[in-house]
Amino acid sequence: MSERTPVPIGTAESAFDRRRRLFGVMFAWLCGAATLVGVAALVVLLVDVLIDGLPRLDVQLLTSFASRFPERAGVRAALAGSIWLLVLTAVISFPVSVAAAIYLEEYAPKGWITKVIQTNIANLAGVPSIVYGILGLALFVRAMGLDRSILSGALTLSLLVMPVIIMASQEAIRAVPPTIREAAYGLGATRWQVVSYQVLPMAFPGILTGTILALSRAVGETAPLILVGAVGFVAFTPRGIMDQFTVLPLQIYSWISRPQDEFRELAAAGIIVLLLLLLTMNAAAIILRNRALARR
Amino acid sequence: MSSTVGPGVLAAKRSRRLKEGAIASVLFACAAASTLVTVGVVAALLGETIGFFREVSLVEFLTSTRWEPMFRDRHFGVLPLLSGSFLIAAGAGVIALPLGLLTAIFLSEYAGPRLRRTLKPVLEVLAGVPTVIYGYFALTFITPLLRVFLPETEIFNAAAASIVVGVMIIPTVSSLSEDALRAVPDSLREGAYGLGATKLEVSTRVVVPAALSGIIASFILGLSRAVGETMAVTIAAGNLPNLTLNPLESMQTMTAYIVQASLGDTPQGTIVYRTLFAVGMTLFLATLAMNILSQWVLAKFREEYR
């Protein structure tokens, strides 16, 4: 910019400065447009699914089992399977993850062991979900003999979501101000008393939100469950954790794979049910968090 | 101990210490269990992978150009699957890296706090939509659209897969890049403004270079997500192992092969069962290498400001 001559205030803008200003405006619009591409993609995707699926969405869809005939098929087994899996995964992964987060934030000494654990958790969060499926197949289905059961699926999904819940919980625990801890220690509280009476209640809303977000990722997972043997065609709702099962995303996948247009419609209707389930979970997360915040 | 402390108090103290110790041990066990998961992943993959390489030479696996494990005349060349995975990821990168970076610049440098608070959750939703839905969208919307303009596009094609995977990883790139951009201290921006720079010049010549390590790390992480993506590419790109550069043709990725093989009947001990683990190991190593590279770039080239 050495050729630039100073322009006294109040004089007309030079051609060079006008070009710079114009480029600036164009770049701002470019950045805004790029942001809108993502938003627009989401809108188009949702509208496409709604147009295809809404005509097929009715009560019968929720009450019928899978069928060879598209007009009689429904998501009953898949919806039940998804909910079973969701609850079981939450029960398994939540306590272990929160305990691990408490250890890392409140107990862990600074040292190589802690560093290894922390790095490992970050790396686990980046492992593709299908690799967890392979682990589930080798460990739970074959080695432990749990077979193609809901339990195998829930254990696999638990391993998948634990790194995410641990990291979210750590963040929530870290956000509790240290003065709270120091005051409690000053009154003679033990470490566990500080954690259980002071830190956890304050961090709980954050932990809850992180957990529900991680679980909604689990509800949308398909690939690892294909590996542990969930199938696309189940004509009963599960009665126990050792039963065979299917889940909504897998049911949708099996409908997408069929060539007939009627099954495509069915798949779109199934997607709407899945999205409604996810929406409910996220709404629940917001309500629970607000309640926890209000109680404080 | 002074004589005023009776034996009851001592016992209470001891039991309290025992309880505290027990709790600490349980918490440590939970944290340490996460390392066992990694050990489990490696052990599970390694066992059957070794079995696989007893039957198939490593040379064939890495150099043969045909992947036909289920035919009578079997070929176990992983190259078609590798090229499928990386081509689709590269195509996704062409979409997501520029869009993600521009989005990050917009959110960090241009958007006001209120606009940012509305836009960010919407973009996060993009990453939260189940991938099977992206597959449906690719097959029923993107592919027909492509065929309007390029009639030679096959029903299952890599381009549609790349497009939806690209959209899917925009938030990964944009949110990590935005963190990096926002970490650049304002004094740098103010210095540049003071020298008479425009906002464009400040953003592209000062802030982006200062945040470059974080931006590149977000690019690598986004591509690693794309390589590991499964359902969208399985549905959109199909199941044809195909060593080609033509994005309008069907291709099979490593992840899609794993799905295809595990949907069929693959009894334990057969060579097809073992291919699951050999391909899974390749996928695991590829994504792990990318994730470690991303962390290394972040640590090594970080510009520290204080």
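**Exercise 1. Into which domains is chain A divided, and how far apart do their C-alpha centres lie?**

Step 1. Chain A splits into domain 1 (15-56) and domain 2 (61-295). These bounds come from an automatic or database domain assignment.

Step 2. The C-alpha centres of domain 1 and domain 2 of chain A are 33 Å apart.

Step 3. Seven residues of domain 1 of chain A are in contact with 12 residues of domain 2 of chain A; contact means heavy atoms within 4.5 Å.

Basis: this is a predicted model, where local features need pLDDT of at least 70, side-chain atom pairs count only at pLDDT 80 or more, and totals for chains, interfaces and linings use all residues. Residues are numbered from 1 along each chain as its sequence is written, chains are lettered from A and ligands numbered from 1 in the order written, and side-chain values use heavy atoms, without hydrogens and water.

**Exercise 2. Which pattern does chain B follow along the sequence?**

Step 1. Count the elements: chain B has 12 helices and two strands. Helices (H or I, at least four residues) and strands (E, at least two) are DSSP runs, numbered from the N terminus.

Step 2. Read along the sequence: α-α-β-β-α-α-α-α-α-α-α-α-α-α.

**Exercise 3. Why is chain B described as more spread out than a compact globule?**

Step 1. Take the rule: 2.2 Å times the number of residues to the power 0.38, with the radius of gyration taken over C-alpha atoms.

Step 2. For 306 residues the rule gives 19 Å; chain B has 26 Å, well over that, so chain B is more spread out.
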